[in-house]
Amino acid sequence: MKVLVPVKRVVDANVKVRVKSDNSDVDTANLKMALNPFCEIAVEEAVRLKEAGTATEIVVVTIGPKAAQEQLRTAMALGADRAVHIETDEELAPLSIAKLLKAVQDKEEAQLILLGKQSIDGDNNQTGQMLAALADMPQGTFASEVKIEGDSAIVTREVDGGLQTITMPLPAIVTTDLRLNEPRYAKLPNIMKAKRKPLDTLTIDELGVSLKQHQKVLKVTPPAERQAGVMVSSVSELVEKLKNEAKVI
């Protein structure tokens, strides 16, 4: 079974981002970049499926600038077999990304597509669902457990009311949630081996995909600074402030 894992290059989760002075975008100059945490979970789950003998090949794919190959090498150091890089400097909307991933899936014909439920920069939580619609494949989103039995995938989903378990025929798409697993750290020998693993670079034109501009960013602003809290000396004072100042009761 071949597993396709789309991944994304994002600003490291431990870095505090700043907005550009002209409010056009987030300033990423000289910031540490990393593999999106939810994508790491997807890679880890694919590697575990291979270690269990269920998966035979893991292919990671990313869409982005040339520098994004660093994250593909990281994914291969974690256990992926080869990588596909769709090189572009454009900022693409989730629908455009889903169209490109469908073109890759048409070539690879993977039996399972594992991807993070969202990226920590855009937080859109749309690409997996859009890809499933475009590829006409069953989907299991927000997965906290994945099992492969024969030609079916059994996915436990985290939903508002608790957990939901569904069974889907393969090929299928699964988006990973935080509690699915804990990603491993790449070992030095594996990092060195990853440098020799195959990495194919493609362009949007080579995939034959026509993209349109679906949205335009008008302005990016940082969140308003929160005011300091106020200590009260009694319950009656708290009730008075809630009633007269906050006007919530």
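Colleague: What volume does the second largest pocket have?
Modeller: Bear in mind that this is a predicted model. In it, the second largest pocket has a volume of about 410 Å³.

Colleague: Which residues lie closest to the centre of that second largest pocket?
Modeller: The lining of the second largest pocket comprises 20 residues. Those closest to the centre are D12, A34, L35, E40 and Y185.

Colleague: Which element gives the largest share of the lining of the second largest pocket?
Modeller: Four elements, β2 (9-11), β5 (33-35), α1 (37-51) and α2, each supply at least two lining residues. The largest share is four residues, and its source is α2.

Colleague: Which residues of helix α2 are buried?
Modeller: Helix α2 spans residues 69-78. Buried means under 20% relative accessible area. By that cut-off, the buried residues of α2 are Q71, L72, A75, M76, A77 and L78.

Colleague: Which residue just after α2 takes a positive phi?
Modeller: Helix α2 ends at residue 78. Just after α2, a phi of about 140° is found at G79.

Colleague: What percentage of the residues in the protein is buried?
Modeller: The protein has seven helices and 13 strands. Its chain counts 249 residues. The buried share of them is 41%.

Colleague: How far apart are the mean positions of the positive and negative charges?
Modeller: The protein carries 32 positive and 35 negative charges. The C-alpha atoms fill a box of roughly 65 × 45 × 40 Å along the principal axes.

Conventions: Residues numbered from 1 in each chain as written. Predicted model: local features only at pLDDT ≥ 70, side-chain atom pairs only at ≥ 80, totals over all residues. Heavy atoms only, no water. Buried < 20%, exposed > 50% of the residue type's maximum accessible area, 1.4 Å probe, protein only. Lys, Arg positive; Asp, Glu negative; His and termini not counted. Charge placed at Lys NZ, Arg CZ, Asp CG, Glu CD. 1 Å grid on protein atoms, 1.4 Å probe; cavity = no way out; pocket = protein on both sides within 12 Å on 5 of 7 lines; lining within 4 Å. Points joined across faces, edges and corners; volume = space filled by probe spheres on them.
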